[in-house]
Amino acid sequence: NELPLPMLFILMRCGLPEVVLPALQAVVDLTKNNTFFNDEILRSKDLTILVNMLGSENRRIQILAGKILAVLSVDMEGKNRIVENGAALPLVAMIRSDDTTLQQLGALILANLAHGSHRNCSQFHSMGAFAALLNLCNSSVPQILYQAVRGVSMWAVSGDPTNQHQLVTSGGLRMLVRMGGSTNERILMVVAPALSTLAATAEMRPFMKESGAVNALQALV
């Protein structure tokens, strides 16, 4: 029988990996296609436990907590609650680690949190998230590269002039232009809307011309 959510979080608090890990795995399984259960987690004060686990010294705990937050970070309520609980800094630490699994998971969650929220983009930039994602755009691992490019592109598609200016002045536009020559269709599907959004913004057009982004966009279209 499935344990109720409060009991699972009680088990997570014990601190013993042999108890915490099965409880986390149970929550991972329950969050799959279960909107009611996901809403229950978001309404719970115990969401902080999951966010804190992103900084655990136990790699497996980090990964399982990250998988849960990746699911919860898709809708707007989830984004807001996760950010309110301080997820940005531990996610940046995951991206900056040498562990490729943590890098991919951290980039995925940050991209989800930035998607559709210019406020989160602004907040993340001051915490080093943009710089960390941009650096990850040099990864040779396709899955990591995709999530990193996707994350950086959120500063463009946010539509917020401040976020777009930060992207341009921090090297994000040059990266998008470079990725416009990729043969990876998933990456091109992320780059094209980002460049199109910037091209439609009057303040960004001079930067687009200088960087060669206009030519890159025309090639994509």
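Reply: We may begin with the cysteines: the structure holds zero disulfides. Please keep in mind throughout that the model is predicted.

Me: What is a disulfide, and how far is the sulfur of Cys121 from the closest cysteine sulfur?

Reply: A disulfide is a covalent bond that joins the sulfur atoms of two cysteines. Here, the cysteine sulfur closest to that of Cys121 belongs to Cys137, at 14 Å, which is too far for a bond. Cys121 is also buried, its relative accessible area being 0%. Cys14, by contrast, has a relative accessible area of 39% and is therefore partly exposed.

Me: How many salt bridges does the structure hold, and which residue pairs with Asp46?

Reply: A salt bridge is read from the distance between a side-chain nitrogen of Lys or Arg and a carboxyl oxygen of Asp or Glu, which must be within 4 Å. The structure holds four. In one of them, Asp46 pairs with Arg13, and their closest N and O atoms are 2.4 Å apart. This pair links distant parts of the chain: Asp46 belongs to the loop between α3 and α4, Arg13 to the loop between α1 and α2, and the two are 33 residues apart. Asp46 counts as buried because its relative accessibility is 16%, whereas Arg13, at 48%, counts as partly exposed.

Me: Where in the chain do Asp99 and Arg59 lie?

Reply: Asp99 and Arg59 form a salt bridge with closest N and O atoms 2.4 Å apart. Asp99 lies in the loop between α7 and α8 and Arg59 in helix α5, so the pair ties together parts that are 40 residues apart in sequence. Arg59 is partly exposed, with 40% relative accessibility.

Me: Which helix holds Arg81 and Glu84?

Reply: Both lie in helix α6, residues 76–84, three residues apart, or about one turn of the helix. Glu84 counts as exposed, at 58% relative accessibility.

Me: Is Phe130 buried or exposed, and which residues does Phe130 touch?

Reply: Accessibility and contacts may be read together. Phe130, in helix α10, is buried, with a relative accessible area of 2%. Leaving aside residues up to four places away in sequence, Phe130 touches Phe124, His125, Val152, Trp155, Gln166, Leu167, Ser170 and Gly172.

Me: How far apart in space are Met208 and Arg174?

Reply: Their C-alpha atoms are 9.5 Å apart, although the two residues are 34 residues apart in sequence. Met208 is found in helix α15, residues 205–211, and is buried, with a relative accessible area of 2%.

Conventions: Residues are numbered from 1 along each chain as its sequence is written. This is a predicted model: local features need pLDDT of at least 70, side-chain atom pairs count only at pLDDT 80 or more; totals for chains, interfaces and linings use all residues. Side-chain values use heavy atoms; hydrogens and water are left out. Helices (H or I, at least four residues) and strands (E, at least two) are DSSP runs, numbered from the N terminus. Buried means under 20% relative accessible area, exposed over 50%, partly exposed in between (1.4 Å probe, protein chains only). A disulfide is a pair of cysteine sulfur atoms within 2.5 Å. Contact means heavy atoms within 4.5 Å.
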